[in-house]
Amino acid sequence: MAGAMLREGDLIYLLDDRGRRHFLILSGGMMKVAGLGVIDGSRLVDRPEGSVLRVGERGFHALRPGANELMESLDRGPQVITPKDAATIVFRLDLKPGDAVLESGVGSGSLTTALLNAVGAEGLVISVELREEFAAKARRNVERSPFAKAWDLRIGDVASVAVEAQVDAVALDVPAPWLALENVNGFLRPGGRLCA
Ligand SMILES: C[S@@+](CC[C@H](N)C(=O)[O-])C[C@H]1O[C@@H](n2cnc3c(N)ncnc32)[C@H](O)[C@@H]1O
């Protein structure tokens with residue numbers, strides 16, 4: 001069965017025979033790709049995902065990143081939550097498509113990427129981050145997610161931030177999560193889940 005077509009503007013990666021991923025935004029012209037040299041993007045545009053691009057003797061599979069690849073390739077600032085731990089968090093929070101979840105802090109946006117993937121386009125991820133510079137880095141990382149439209153990034157302290165909506169779950173990855181519990185009590189729905 002043919003995969004979905006690759007389009008100009010898509011974030012894709014070229015997977016080499018050693019398992020290395022070379023990320024690029026697909027365009028229809030000649031593109032310089034770090035570690036590969038110049039490739040002709042027109043050979044991939046409107047071709048099915050998984051198509052093989054030949055560069056000299058080498059073949060590269062052209063693929064769209066999932067949450068796992070987005071998390072593994074992000075620009076790291078503070079300590080990130082890895083895909084393995086994020087999978088446990090998503091499961092224990094019982095997140096489903098359409099759920100609303102609040103997390104704090106955002107750090108590099110690694111857990112954010114996993115949360116967005118779980119709640120999907122109909123869901124909502126509210127991220128509360130104290131520091132502007134981490135929020136800026138997270139924004140660059142998280143905007144690569146296909147579900148970034150479901151993201152609401154706020155600068156503030158999770159112990160005092162005002163949250164108007166009720167949420168289904170809360171994930172706290174901050175040094176003193178207990179300081180936020182009283183505030184969280186005001187917006188976590190009855191029966192909602194908390195992970196810290
Ligand atoms: C370990 S990092 C979070 C990493 C993130 N979960 C990830 O996977 O990329 C902790 C973050 O919490 C932020 N932070 C610390 N205290 C906070 C608070 N009271 N309210 C909001 N953010 C806070 C820090 O600035 C830092 O960005």
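This is a predicted model: local features need pLDDT of at least 70, side-chain atom pairs count only at pLDDT 80 or more; totals for chains, interfaces and linings use all residues.
Guide: Local features here need pLDDT of at least 70, side-chain atom pairs count only at pLDDT 80 or more, and totals for chains, interfaces and linings use all residues. Residues are numbered from 1 along each chain as its sequence is written, and side-chain values use heavy atoms, with hydrogens and water left out.

Visitor: What makes domain 1 and domain 2 the parts of this chain?

Guide: The domain assignment gives domain 1 as 11–63 and domain 2 as 68–195. Such bounds come from an automatic or database assignment. The two centres, taken over C-alpha atoms, are 32 Å apart. Four residues of domain 1 and six residues of domain 2 make the contact, meaning heavy atoms within 4.5 Å.

Visitor: How many Å² do domain 1 and domain 2 bury between them?

Guide: About 380 Å², with 64% of it on carbon and sulfur atoms. Buried area is the accessible area (1.4 Å probe) that two parts lose on being put together, summed over both. On the domain 1 side, Leu11, Arg21 and Phe23 supply 87% of the area buried against domain 2, more than any other three residues.

Visitor: Why is the pair Arg21 and Glu72 called a salt bridge?

Guide: The rule asks for a side-chain nitrogen of Lys or Arg within 4 Å of a carboxyl oxygen of Asp or Glu. Arg21 and Glu72 meet at 2.9 Å, N to O, so the pair passes the rule. Across the interface of domain 1 and domain 2, one salt bridge is found. Strand E1 (11–15) and strand E2 (21–25) each give two or more residues to the side of domain 1 that touches domain 2. Strands are DSSP runs of at least two residues, helices (H or I) of at least four, numbered from the N terminus.

Visitor: Which parts does the salt bridge of Asp46 and Arg7 tie together?

Guide: The side chains of Asp46 and Arg7 meet at 2.6 Å, N to O. Asp46 lies in the loop between strand E4 (37–40) and strand E5 (52–55), and Arg7 in the segment before E1, so the pair ties together parts that are 39 residues apart in sequence. A search of the whole structure finds 13 salt bridges.

Visitor: What makes phi of Asp46 worth a remark?

Guide: Phi of Asp46 is near 65°, a positive value in a residue other than glycine. Most residues other than glycine have a negative phi, and most peptide bonds are trans. The peptide bond from Ser104 to Gly105 is cis, with omega near -15°. Gly105 is in the loop between strand E7 (100–104) and helix H3 (110–119).

Visitor: Which residues are closest to the ligand?

Guide: Ile81, Glu129, Phe134, Asp157 and Asp173 are the closest of 23 residues around the ligand. A residue is near if one of its heavy atoms lies within 4 Å.
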